[in-house]
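My entries follow in the order I made them.

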Amino acid sequence: MSVIIISAPSGTGKSTLIGHLMQHVPGLHFSISATSRPPRGTEKDGVEYYFLTPEAFREEIARGNFLEYVEVYPDRFYGTLRTQVDRQLERGEHVICDVDVLGAQHIKQHYGDRALSVFIQPPSIEALRQRLEARGTDSAEVINDRLARAEFELTFAPKFDRVVVNDDLAQAQQHFVRVVQEYLQSHE
């Protein structure tokens, strides 16, 4: 069983591509991340996230139990538990980890050849700006922050096993599915 690690700058179409991948490649399951934020709405522990207190999250960090984690705000952590991913692999699941570029590097380092890292790349920063502006959900300041982050993230693309450029959605979907299927077939 394998780990499929996916990263992309905001606005690149990663969620759309992952949704398509899940429909076309059997046996894929998302890893369940841990967070120190409280549940929202009908979220349940162990379904959407593992909900930990900030103290419990820090204890797991100290024990080395996270493949990757990030503190987004003071006491607001998100991360991928090694035990969770390993349990899924033992159950015969291929595990999808949707993480940032730094987290992707940590997970790839841990699993090595058992993991495929895929970077979803926009055709250009200008195309990404147009997509973010067309959403109409963010202020100019937020868009500029996301573009600055995207420029940083793009520097990591060469460190990924494969890069899928999302210029034409249908072509990117086909390419993404082909990349993952070829990897899984070669690691049966």
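I start with a definition: helices here are DSSP runs of H or I, at least four residues long, and they are numbered from the N terminus. I also note that this is a predicted model.

**Entry: helix α3**

I looked up which residues of α3 are buried. Helix α3 spans residues 82-90, and its buried residues are Q84, V85, Q88 and L89. They lie on the same side of α3, because they cover an arc of only 135° around the axis. I then read on past the end of the helix. G92 follows α3, and its phi is positive, near 90°.

**Entry: helix α5**

I asked the same of α5. Its buried residues are A127, L128 and L132. Their arc around the axis is only 135°, so they sit on the same side of α5. What covers them? The cover over the buried residues of α5 includes α6. The residue I checked just after α5 is G136, which takes a positive phi of about 70°.

**Entry: α5 against α6**

Two packed helices are described by the angle between their axes and the distance between the axes. I looked up both. Helix α5 covers residues 125-135 and helix α6 covers residues 140-154. They pack at an angle of about 145°, and their axes are 10 Å apart. The crossing of α5 past α6 is right-handed.

Which residues make the contact? From α5 I list I125, L128, R129, L132, E133 and R135. From α6 I list I143, N144, R146, L147, A150, E151 and L154. By type, the contact residues divide into 7 nonpolar, 1 polar and 5 charged. L128 and L132 of this contact are also among the buried residues of α5.

I107 is in helix α4, residues 101-111. Is I107 buried or exposed? Its relative accessible area is 0%, so I107 is buried. Leaving out residues up to four places away in sequence, I107 touches V3, I5, L67, E68, T80, C97 and V99.

Outside four places in sequence, A104 touches I5, S7, V99 and F160. A104 and L67 are 37 residues apart in sequence, and their C-alpha atoms are 9.1 Å apart in space.

K14 sits in helix α1, residues 14-24. Is this lysine buried or exposed? K14 has 18% relative accessibility, and the cut-off for buried is under 20%, so K14 counts as buried. I looked for a partner for its side chain. The side chains of K14 and D98 are joined by a polar contact of 2.5 Å. Beyond four places in sequence, K14 touches I6, S7, A8 and D98.

T12 is in the loop between β1 (3-7) and α1. It is buried, with a relative accessible area of 1%. Its contacts outside four places in sequence are I120, Q121, P122, L128, R131 and N166. One of them, L128, is also a buried residue of α5.

**Entry: L116**

L116 belongs to strand β8, residues 115-121. At 4% relative accessibility, L116 counts as buried. Apart from neighbours within four places in sequence, L116 is in contact with V3, I4, I5, D161, R162, V179, V180 and Y183. L116 and L184 are 68 residues apart in sequence. Their C-alpha atoms are 9.0 Å apart in space.

**Entry: D75**

Most residues other than glycine have a negative phi. I noted an exception. D75 has a positive phi, near 65°, and is not a glycine. Where is D75? It lies in the loop between β5 (66-73) and β6 (76-81). At 36% relative accessibility, D75 counts as partly exposed.

Conventions
Residues numbered from 1 in each chain as written. Predicted model: local features only at pLDDT ≥ 70, side-chain atom pairs only at ≥ 80, totals over all residues. Heavy atoms only, no water. Axes fitted to C-alpha atoms, helices over the stretch in contact; angles between N-to-C directions. Helix = DSSP H or I, 4+ residues; strand = E, 2+ residues; numbered from the N terminus. Left-handed = near helix turned anticlockwise from the far one by under 90°. Contact = heavy atoms within 4.5 Å. Nonpolar A, V, L, I, M, F, W, Y, C, P; charged D, E, K, R; others polar. Buried < 20%, exposed > 50% of the residue type's maximum accessible area, 1.4 Å probe, protein only. Arc of directions from axis to C-beta. Polar contact = N/O pair within 3.5 Å; in protein donor to acceptor, adjacent residues only side chain to side chain.
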